[in-house]
Amino acid sequence: GDGSGSVVTIAGGQTGITQVIGFTITGGGGTDGGGLRIDSLSGPVINDMIIVENSADEGAGVHINNSSPVFSRITIKNNESTGDGGGIAVRENSSPVFNDVVITNNNSDNGAGILVRDNSSPLFDHLTVAGNEAQSDGGAIYIRNGSNIQLANSIVWNNGAESIYFSSTGSASVMSIDYSIIDGGNEDIPLNGSTVNWGTGNLEQDPLFIDQYSLQWHSPAID
């Protein structure tokens, strides 16, 4: 991209027939979704992508609005938002699915890795959120206004203190966490009136990363 707007935009109610597969998105800019913008009740399939070094006011890497895309085998890194959601912004009744996604070294005000807000219900499975930096709250995940997040088989590590953060603005949200490694555990998550369902198999041990977030053989993340 040339920094003036989103590199890829998917809108107008696109279905899973629309597939974005196997290339790098970089150099995007603009207001929402410098790299990839998905909106208007769209549900595309996004596979085997690298989304790197994009900027935006919100959702510099990926911006999802009122849509339900499915992501698999994605790396989202080194993106920067002047507002919220450095890596990903999920908002306005969106229900995306993320499988095998690495979100690392992104920056923003709130939710450097991921912003979830406004009655959205994302599902994260085999997610790694590491090394992201928020200027305010939620280095990993910032949750606001009536959202419901499911996180399983995932690692949230080294994103600063209180890296999963519930905003006190808007209605209460819920997050369910199972079989995941969470830096600081559930005690390090400010609830502000919201709820964490701390489920089965969660750990607080160092996942022992090597080589850009692959795992050493004796990592506690390997069962």
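**Loops and strands in a predicted model**

Q: What's the relative accessible area of Asn119?
A: Asn119 has a relative accessible area of 42%, so it counts as partly exposed. (Buried is under 20%, exposed is over 50%, and partly exposed is in between, with a 1.4 Å probe and protein chains only.)

Q: What am I looking at, by the way?
A: This is a predicted model, with residues numbered from 1 along each chain as its sequence is written. Local features need pLDDT of at least 70 and side-chain atom pairs 80 or more, totals for chains, interfaces and linings use all residues, and side-chain values use heavy atoms, without hydrogens or water.

Q: Back to Asn119. Where is it?
A: Asn119 sits in the loop between strand S13 (114–117) and strand S14 (123–130). (Strands are DSSP runs of E, at least two residues; helices are H or I, at least four; both are numbered from the N terminus.)

Q: What about its phi?
A: The phi of Asn119 is near 60 degrees. That is a positive value, and Asn119 is not a glycine.

Q: Where does Glu162 lie?
A: Glu162 is in the loop between strand S18 (155–157) and strand S19 (164–166).

Q: New one. Ser173: buried or exposed?
A: Ser173 is buried, because its relative accessibility is 2%. Ser173 also belongs to a loop, the one between S19 and strand S20 (174–178).

Q: Which residues does Ser173 touch?
A: Leaving out residues up to four places away in sequence, Ser173 touches Ile143, Arg144, Asn145, Gly146, Ser147, Phe166, Ser194 and Thr195. (A contact means heavy atoms within 4.5 Å.)

Q: Zoom out. How many helices and strands are there?
A: The protein chain has 0 helices and 24 strands.

Q: How much of the chain is buried?
A: Of its 223 residues, 49% count as buried.

Q: What does the C-alpha trace span?
A: About 40 × 40 × 30 Å along the principal axes.

Q: And how many contacts join residues at least 24 apart?
A: Among contacts between residues at least 6 apart in sequence, 77% do.
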